[in-house]
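Thanks for coming. Please look at the sequence and structure on the screen, and then I will go through the packing.

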Amino acid sequence: MDANAKKRLAAEASLEFITPGTTLGVGTGSTVNQLVDLLPGIRDRIDRVVSSSRATTRLLEQQGFEVLTLNEVGAIDVYVDGADEATKRLHLIKGGGGALTREKVLAGASRRFVCIVDDSKLVGMLGEFPLPIEVIPMAQEFVAGKLVKLRGRPVWREDFVTDNGNHILDVHDLQIGNPIELESRLNQIPGIVTVGIFAQRPADVLLIAGDGGVRELRA
Ligand code: 5RP
């Protein structure tokens, strides 16, 4: 089965978490795009929709959904999103698509965070995928210097501006043995808006699609 078919399978498996009356948060990326394709089929179960990026908002609107802001809905029942890496402890690296800040806000505001991935994303330790960090542009070099001191190799994602008008540093060569601690430590550096480690608020459910079907892990 190719990666796209697995993404579709993971997206299909997430539908059972969307029950009647759900305020749904929708993440960003190719796996979530498969979910957006499926949402018209369960429209009657969805009360309200919030999106984590302009790209996802556009797709949801194309499917006829009215997209509300988090300020309007207050809280999210179920947030469904993909990941770049995931561990069995449901810690994640996210932000490959650059939407990490709004994704982290929606994950934080959700009662249940369902993460959908194909099995290539499951890792023993986070860090092989370069860690995305959103920074305020004027602080980019300062933050990069701090990351080098932590033995990371930050690379500026050129020609990319986030939905919040900021830049992304992709940090290579980090072996993230303690994601909760590193997330916390990086959060202290002035100029960092959001770190792509999702460990302090991990997923509640991880749906991993592989050749043999979908495996479900829970926190
Ligand atoms: C976007 C993200 C995505 O969830 C992550 O990059 C996975 O994307 P894809 O489903 O395309 O592999 O964090 O900021």
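Contact, as I use the word, means heavy atoms within 4.5 Å. This is a predicted model, where local features need pLDDT of at least 70, side-chain atom pairs count only at pLDDT 80 or more, and totals for chains, interfaces and linings use all residues. Residues are numbered from 1 along each chain as its sequence is written, and side-chain values use heavy atoms, with hydrogens and water left out.

Start with V114. Leaving aside neighbours within four places in sequence, V114 is in contact with S14, F17, V78, Y79, V80, D81, V205 and L207.

V114 also belongs to the largest nonpolar core, which has 26 residues. A nonpolar core is a set of buried Ala, Val, Leu, Ile, Met, Phe, Trp, Tyr and Cys residues joined through side-chain atoms within 4.5 Å. Buried means under 20% relative accessible area, exposed over 50%, and partly exposed in between, with a 1.4 Å probe and protein chains only. V114 is one of the members that touch the most others, along with L24, V26, L39, I46 and L60.

Which element gives the largest share of this core? That is helix 2, with four residues. Helices (H or I, at least four residues) and strands (E, at least two) are DSSP runs, numbered from the N terminus. Helix 2 covers 30-38, and its buried residues are T31, V32, Q34, L35, V36 and L38. They pack against helix 1, strand 1, helix 3, strand 4 and strand 7.

Last, V193. This residue is in strand 11, residues 192-195, and counts as partly exposed because its relative accessibility is 34%.
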